[in-house]
Amino acid sequence: MTKPFEPTIIAFTCTWCGYPSASLAGVNKIEYPPNIRIVRVMCSGSVEPGVIMDAFEHGADGVIVIGCLMDNCHYVSGNKKAQERIDAMKKLFDIIGLDSRRLRTEWISASERAKFAKTVGDFVDEVRALGPIRMDRARKEKKARTKEQTVAAVKGLIDDTGAFDCVECGKCTTVCPIAKFDPNFAPRTIVLRAMEGIVDNIAHDRDIWTCTTCEQCNAMCPYKVDYTGFIRGMREEAAEFGATALCSQGGLIHSVQRMMAKGDFRQNRLGWVKEDMKVADKGEVFYFVGCLPHYDAIFYDREGLRLQDICESAVRIMNKAGVVPVLSNDEKCCGHDLNWTGDESNFEKLMEHNIELIKKSGAKKVVFTCAECYRTFKMDYQDLMGNLEFEPVHISDYMKQLIDTGQLKLDDAKKQSFAFTYHDSCRLGRHSGIYSSPRDLAKAFSGATFVEMENNKDKAVCCAVSAWANCNANAKKIQVDRVIEAKRTGADRMLMFCPKCQVHLRCAVQDKIPVDPAMVDVKLEDFTVAMARLLSLLPEEAQSSK
Amino acid sequence: MAEQPGEKKQERKALAVFLCTCRDEIGRKLDLESIAAELRNDPRVVAVGVHEALCSREGQEYLKKEAKEKGFERVAIGACSPNVQGLIVTRALEEQGLNKYLVEQVNIREQCAWVHSDKKKATAKAKSLVKGAIARAEKLLPLEDIEIPIKNSALIIGGGVTGMQAALDIAAAGHKAYLVERTDELGGRAYKLSMTFPTHNCGICCMQYCKECVFTPKIEDVLQTKNIEILLNSEVEEITGGFGSRHVKVKTPKGAKEFDVGTIIVATGSKTFDPKRIAELRYELDDVITTQELEQLLVAQREKGGGLKRPSDGKVPKTVDFVQCVGSRDKVKGNLHCSLVCCTYAIGQAREIKRMNPDANVYVHYIDLRGPYRGFEEFYQAAKEEGINFVRGRVSEVVPDKGRMFVRALDTDADVLLNIESDLVVLAVGQEPADGSDAIAKMLHIQTDIDRFMKDINPMFPSEFRRGIYVAGTAQGPKGVRYSIEDAKAAAASAIDLMNKGKIKFPRIVAFVDEARCRGCGRCEKACEYDAITIVKDESKGVLTCKIDEIRCEGCGQCAVACCNKAITVNGFRPEQVEAMIRALAEEVMAHD
């Protein structure tokens with residue numbers, strides 16, 4: 001007989017109430033189950049969502065955050081903020097299928113020792129009843145990589161990416177958006193160092209993580225060196241030594257993606273689907289939604305950011321054209337971010353799952369609204385798996401097709417009066433070569449004026465962050481500059497197809513900025529959403545937000 | 001998590017583990033030797049020691065000796081709470097030249113030995129906690145304390161007995177004291193009392209020698225002390241700055257006054273409960289008065305003579321009913337707390353009335369008599385002997401009837417419903433936080449209790465945890481005059497000690513910003529309750545970046561969570577440090593499943 005399940009519970013206790021209440025329970029010898037592991041923090045409000053997710057990823061079956069009584073926080077408002085943050089996190093838990101009862105907040109004053117013991121005891125019982133988390137959490141011992149192995153791997157990488165052809169002309173550095181602000185950074189020198197066999201520092205080399213992988217350098221290189229592919233390979237090598245990116249949100253997003261790869265959860269991804277939308281379980285066209293609903297839960301406090309609108313718009317546009325797309329609750333993250341931060345094994349798990357899922361649906365065409373998902377399927381999945389038996393199509397191309405074939409009628413499009421510009425995302429433009437469809441679609445906005453930014457198509461400056469891995473002061477400069485560039489065209493709106501571009505650019509201009517706010521006063525909107533609004537399939541935003 | 005860029009690559013030096021049996025308190029519940037034996041095989045650990053009392057003098061000598069001989073740099077300790085005895089143990093290691101920020105202590109006594117009866121499970125948990133401590137200790141960074149200069153002047157908010165006493169003590173110690181009082185006179189509510197109980201001595205004058213009267217000559221004393229600057233009719237408008245140097249803006253009748261202080265004593269006092277909130281007690285009737293108003297009648301009587309007269313018609317009341325716990329111990333219409341002083345003063349007043357008019361019927365309607373003062377019991381017994389009627393049971397209603405007045409109450413001891421015709425009803429009103437104390441608490445980031453009284457930090461903690469702010473007297477909760485004065489003296493003593501030193505070392509458990517990762521978005525600035533963060537423009541680079549005032553920062557970490565890029569972290573609580581601990585905890589558990 002197997003041993004009954006005993007959950008591991010991490011209890012974050014604040015220094016002023018939670019921790020002393022546990023100590024008092026001890027002094028009074030009030031027994032509670034030994035499943036509780038107490039971690040002292042200064043304030044319940046200082047518990048990072050990324051740290052909570054990390055705990056779940058690495059063995060916790062439940063997490064309880066214990067702070068001062070409400071309205072009685074030692075740090076004024078820490079517990080209130082903790083409550084808000086954890087409520088949002090529970091929504092994320094619901095989406096990924098991790099039972100949100102596994103995460104709890106409790107407010108216990110320093111003297112309430114019996115309440116402490118009872119609360120944690122009840123929580124242990126509750127989590128025990130929920131059972132173990134269906135995820136492979138065993139720590140695998142990795143064999144230490146030898147220097148020779150690394151040198152060999154890097155050499156292979158140099159061959160594969162054509163880096164050997166580098167003639168040190170420096171064109172890449174002149175166009176690199178990072179190098180523009182960081183004089184110490186140059187794509188060329190990273191390659192040079194590797195070619196000289198200098199790999200000792202690979203675990204600590206920050207430069208390979210600073211690159212935005214936007215492919216500006218690739219596009220300019222006269223010898224077609226694939227710098228971006230080279231960087232990705234180097235990250236994989238660095239990961240062998242335990243190096244990771246300094247991820248935004250404290251690594252929360254990557255944790256979620258790894259858990260999707262390793263876990264077997266009953267997800268709840270389709271909460272955004274409304275009753276009047278027509279969707280199917282099986283069919284010709286599969287709509288791969290990606291992680292947009294997750295991001296709405298993660299960025300719950302960002303004003304005006306609603307990525308679910310993109311999903312809704314896509315389905316409504318397809319419905320209008322008479323297409324009933326397949327949606328799947330069992331879809332998982334495409335793995336883009338893991339792939340670009342050196343985690344190949346989890347990336348492959350996600351890939352295999354998604355391909356299997358789509359094959360089962362019988363779809364011949366898979367539509368993407370996310371530029372990253374599209375690039376990942378179109379290029380990385382196909383590279384690794386060969387023919388996919390289905391055709392990945394980006395929504396821009398797809399909408400264009402639907403219009404061209406007359407399926408999507410624009411007769412009832414609203415007359416517009418604004419001026420707008422289009423931001424080529426790196427994953428869609430330089431990576432996938434989609435430049436014309438968005439511009440063709442722009443013509444649908446009758447009455448509106450379309451203006452190009454100075455840097456457009458393959459010269460477009462990227463949003464400066466990829467795979468949530470390289471955000472910093474320079475990234476913000478690039479982002480602010482990009483929005484200024486859009487504003488300078490005289491546009492009122494800046495449309496884009498990449499949800500992450502939208503997150504990053506909004507983030508840059510939403511809070512404090514080093515320039516006059518009027519210089520970035522342009523509405524950032526997803527192209528698909530704008531199309532849906534044009535066709536009155538989605539209401540206009542009530543308030544204008546940047 | 002990888003290292004932060006710009007951070008010195010830490011050379012991982014040796015780590016030692018010490019377990020304390022706590023004179024068998026831990027030892028008999030946990031198998032510490034088995035934990036020690038396993039850790040001796042851990043390649044990260046150079047020394048493992050089990051001692052019977054690390055906090056004892058022998059224990060500290062042992063730690064110092066070990067540190068000297070084995071030369072380790074980091075220490076993981078499994079013992080009791082790091083908040084109390086932990087400080088002693090850390091100090092011993094510090095004396096031996098170790099950096100105290102590289103010591104991590106987990107509590108295997110309160111969290112294992114004392115709460116889990118299954119020895120095997122408790123031992124397994126203790127082992128995982130110690131391994132967690134090792135993992136965290138490995139990731140800790142050496143730091144230095146912050147040295148904070150303390151200005152040698154004090155602000156005292158409130159000119160009641162508490163504030164006056166604190167001002168006197170501080171001035172006597174040679175420091176400047178600013179005493180801010182919002183009314184036009186010093187003395188507060190205590191000044192309006194006819195006498196103080198249970199000593200039954202006079203309260204306001206100094207015409208006679210009162211051994212117990214600690215209050216009387218104070219006002220004159222304060223007025224004549226040079227080092228005290230009294231600001232009457234004045235209110236504190238704004239306090240900015242941090243520990244050791246706070247800038248105060250006071251609104252005075254002559255305009256705004258600004259000055260800097262090193263310490264602050266909050267003596268904002270309390271107010272009495274407004275009995276209108278309990279309609280059935282008919283406070284609107286002329287002859288239903290509060291104990292405060294009775295004090296004034298008693299003072300008037302003393303000046304004019306001729307016994308106590310009731311307000312409505314100036315007649316001497318034959319029957320007087322005291323209603324206890326008005327607004328106290330009443331969750332629904334008043335406050336849950338007991339106001340502590342009402343039983344004592346009501347009995348005192350009842351005896352006064354009886355002394356003036358021995359024929360009067362005096363009833364005291366109570367639910368419990370509480371008098372936590374020396375001499376109270378004798379005082380109460382004397383009152384009973386003098387013929388005061390103590391009736392257990394709360395007054396349910398005061399009923400006016402054609403110029404007459406009836407008190408309806410149950411005598412729960414006798415189980416009889418009483419309907420007493422009363423000439424004067426006295427409501428023993430409780431205490432509530434003074435008006436405006438919320439604003440002061442907010443200004444100074446003082447935690448308030450559920451009843452809105454301000455909380456003083458547990459005196460068990462080192463005094464500097466109060467950051468030079470002391471809450472004294474009834475601002476903390478209901479209190480008698482005498483206890484308020486003692487409070488004031490204790491607060492003043494701590495403040496004087498701090499100002500005499502002129503500077504203090506404070507743990508650097510504060511926010512730290514990695515400017516290369518900072519995007520200058522300002523979310524941290526918004527999250528900070530202490531104005532410790534400002535976003536500044538770096539003109540040379542054309543970027544915004546955040547600056548942290550380490551003295552103002554209280555280390556709560558709200559900013560660190562708000563920072564989406566984790567450019568801000570709190571020293572000692574960096575995500576990689578906490579995560580290392582948690583992963584070790586969880587891994588140890590999984591290994592045993």
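**View 1. The contact between chain A and chain B.** In this predicted model, 53 residues of chain A are in contact with 61 residues of chain B. Five elements of chain A are listed as giving two or more residues to the side that touches chain B: α1 (18-27), β2 (36-41), α2 (49-57), α3 (78-96) and α20 (473-488). The most comes from α1(A), with 5 residues. By class, this side of chain A has 23 nonpolar, 17 polar and 13 charged residues.

**View 2. Chain B as a whole.** Chain B has 593 residues, and 48% of them count as buried. Its secondary structure comes to 15 helices and 30 strands. Along the principal axes, the C-alpha atoms fill a box of roughly 90 × 65 × 45 Å. Among contacts in chain B with a separation of 6 or more, 70% join residues 24 or more positions apart.

**View 3. The domains of chain B.** The domain assignment gives four entries for chain B. Domain 1 takes in two segments, 1-143 + 572-593. Domain 2 is also assigned as two segments, 153-269 + 434-504. Domain 3 covers 273-430, and domain 4 covers 510-570. Between the centres of domain 3 of chain B and domain 4 of chain B, taken over C-alpha atoms, lie 58 Å.

**View 4. Helix α1 of chain B and its buried face.** Helix α1(B) spans residues 32-40, and its buried residues are L32(B), I35(B) and L39(B). Seen down the helix axis, these buried residues fall within an arc of 60°, so they line one face of α1(B). An α-helix has 3.6 residues a turn, so residues three or four places apart point the same way. The face turned away from the buried side carries the exposed residues A37(B) and R40(B). Cover for the buried residues of α1(B) includes β1 (15-20), β2 (45-51) and α5 (119-139) of chain B.

**View 5. A three-stranded open sheet in chain B.** This open sheet has 3 strands in the order β20-β21-β22 (chain B), and the pairing is antiparallel. At the edges stand β20 (395-401) and β22 (416-421) of chain B. Each has a single partner strand, so one side of each is left without a neighbour in the sheet. Neighbouring strands are turned by 20° against each other on average, direction ignored. Strand β21(B), residues 404-411, pairs with β22(B) in the antiparallel sense over 6 bridges. On β22(B), N419(B) is the bridge partner of R408(B).

**View 6. Loop residue K566(B), with a positive phi.** K566(B) is not a glycine, yet its phi is positive, at about 55°. The residue lies in the loop between α14 (558-562) and β30 (568-570) of chain B. Is K566(B) buried or exposed? K566(B) is buried, with 24 other C-beta atoms within 10 Å.

**View 7. Loop residue Q249(A), with a positive phi.** Q249(A) has a positive phi of about 60°, although this residue is not a glycine. Its loop runs between α11 (227-240) and α12 (252-262) of chain A. Q249(A) counts as buried because 21 C-beta neighbours lie inside 10 Å, and the cut-off is 20 or more.

**View 8. Domains 2 and 3 of chain A.** Chain A is divided into domain 1 (9-130), domain 2 (147-240), domain 3 (265-402) and domain 4 (410-534). The centres of domain 2 of chain A and domain 3 of chain A, taken over C-alpha atoms, are separated by 31 Å. Here 6 residues of domain 2 of chain A are in contact with 5 residues of domain 3 of chain A. On the domain 2 side, these residues divide into 2 nonpolar, 1 polar and 3 charged.

**View 9. The surroundings of I95(A).** I95(A) is found in helix α3 of chain A. This isoleucine is buried, with 23 other C-beta atoms within 10 Å. Which residues is I95(A) in contact with, leaving aside its neighbours within four places in sequence? They are Q267(A), N268(A), R269(A), G271(A), P293(A), H294(A) and A297(A). R506(A) gives a further reference point: I95(A) and R506(A) are 411 residues apart in sequence and 24 Å apart in space, C-alpha to C-alpha.

Methods. Residues numbered from 1 in each chain as written. Chains lettered and ligands numbered in written order. Predicted model: local features only at pLDDT ≥ 70, side-chain atom pairs only at ≥ 80, totals over all residues. Contact = placed C-beta atoms within 7 Å. Helix = DSSP H or I, 4+ residues; strand = E, 2+ residues; numbered from the N terminus. Nonpolar A, V, L, I, M, F, W, Y, C, P; charged D, E, K, R; others polar. Buried ≥ 20, exposed ≤ 12 C-beta atoms within 10 Å, placed from the backbone. Arc of directions from axis to C-beta. Pairing = 2+ DSSP bridges. Axes fitted to C-alpha atoms, helices over the stretch in contact; angles between N-to-C directions. Domains from an automatic or database assignment.
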